[in-house]
Amino acid sequence: MYQKLAAFFMTGTGNSYRIADWSCRIAGENAIPAELHQIKSGEQSLAIPKGALAVFTYPTHGFTAPWLMMKYVWKLPQGKQTHALVMPSRAGVRVKGIFIPGLEGTAGYLIALLLWLRGYTVRGVMGVDMPSNWTAVHWGLSKDNAAVITGMAEAKVKRGVQTVLAGNKHFDGLVQVLIGLILAKISLMYLILAQLVLAKLFFASDRCNGCALCREICPKQAIRMTGGQERRPYWSYSCDSCMACMNYCPQKAIEVSPLVILLFAYLTSIPVAVYAGNWLAKSFAIELEQLPLAGFSIQYLYILLAVAVTYRLLHMALGIRPVRNLLGALSHTRFFRRYQAAGVTLRQIHR
């Protein structure tokens with residue numbers, strides 16, 4: 001039915017790459033040519049030939065699709081006579097033999113909607129549980145637990161891709177999308193605010209040797225190396241918290257500190273919009289409630305400015321070795337096992 005399969009993946013630690021690679025292998029077993037494309041920030045959306053099946057796989061962020069994926073799909077050329085299969089990865093966990101599935105929310109059907117608006121015929125949507133890689137919060141899963149989750153994921157991808165290649169449709173996750181719609185406010189706040197703050201939680205401990213691998217592998221090009229002779233990574237607001245830098249750092253130097261989390265939690269909790277509203281009411285007899293989105297805009301701008309200035313000062317302070325040692329010693333992540341998708345190399349996922 002299809003002349004070609006084109007798998008587009010956006011990945012940090014290799015989960016989405018594995019889904020895309022499995023899709024290509026299944027196409028090969030059906031004598032269908034297949035090719036892999038990594039989605040990176042700043043790259044032009046590729047034209048997909050007529051008669052092809054385009055597979056899109058990417059991590060779920062905040063119960064929805066990441067900005068980069070949305071932007072890439074929206075800029076795709078019109079997809080007349082082109083079919084699409086959408087498979088977001090979600091964070092599966094297995095502890096003491098108990099498997100806990102992830103929650104993709106609106107991640108799959110949102111991209112499916114964008115593809116439909118671009119003229120593509122969406123043949124399937126399904127979330128795929130892959131080992132959770134959020135190493136800033138928890139230990140990387142053990143090899144045994146990761147292998148069990150990965151095995152289930154491969155079987156699910158095989159069933160879904162074969163169904164679509166045979167000319168049928170495969171849609172699931174309707175309950176997930178309903179939950180995602182209920183959590184839509186959280187997803188929106190994550191995309192426009194929380195994600196920006198999460199981008200500033202990372203720092204490089206004294207183990208960092210300035211190799212700049214983190215900058216090279218970042219799919220969002222969100223890391224800059226700054227400083228004099230002792231160059232150190234600096235995370236910009238473009239960071240998606242994909243965990244590539246943290247999990248692939250050869251020195252295990254990239255950390256998250258509870259002190260930094262508490263600092264940003266305090267800064268972002270200061271109700272600047274309320275203070276501004278009281279000042280406007282006293283000085284100009286203007287009620288902030290009368291101005292649509294004014295309160296949110298004031299608070300949003302304050303958070304951006306406060307986090308940016310604080311992180312800049314923190315980055316400067318990290319140039320002092322005792323400060324690095326202190327934050328590194330107090331970091332919970334220094335005890336964590338890192339996670340990398342088994343059998344996936346940097347050459348494969350960061351092209």
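How much space lies in the second largest pocket? In this predicted model, the volume comes to about 290 Å³. Lining this second largest pocket are 17 residues, and those nearest its centre are Ala 194, Val 197, Leu 198, Leu 201 and Ile 261. Two elements, H6 and helix H9 (258-269), each give two or more residues to this lining. By class, the lining of the second largest pocket holds 15 nonpolar and two polar residues, with no charged ones.

Turning to the largest pocket, the space there is about 660 Å³. Its lining is made of 31 residues, with Thr 60, His 61, Gly 62, Ala 91 and Trp 134 closest to the centre. Contributions of two or more residues come from helix H1 (15-29), strand E5 (89-95), strand E8 (128-131) and helix H6 (184-198). Of the elements, E5 gives the largest share, with four residues. The lining of the largest pocket divides into 16 nonpolar, 14 polar and one charged residues.

Trp 74, Leu 113, Trp 116 and Leu 117 together make a nonpolar patch of about 460 Å². Helix H3 (residues 107-117) supplies the largest share of this patch, namely three residues. Leu 117 is a residue of helix H3.

Terms used:
Residues numbered from 1 in each chain as written. Predicted model: local features only at pLDDT ≥ 70, side-chain atom pairs only at ≥ 80, totals over all residues. Heavy atoms only, no water. Patch = residues over 30% accessible without salt bridge, like charges linked within 9 Å, V, L, I, M, F, W, Y side chains within 5 Å. Areas by Shrake-Rupley, 256 points an atom, 1.4 Å probe, with all protein chains shown as cover. Salt bridge = Lys/Arg side-chain N within 4 Å of Asp/Glu carboxyl O. 1 Å grid on protein atoms, 1.4 Å probe; cavity = no way out; pocket = protein on both sides within 12 Å on 5 of 7 lines; lining within 4 Å. Points joined across faces, edges and corners; volume = space filled by probe spheres on them. Nonpolar A, V, L, I, M, F, W, Y, C, P; charged D, E, K, R; others polar.
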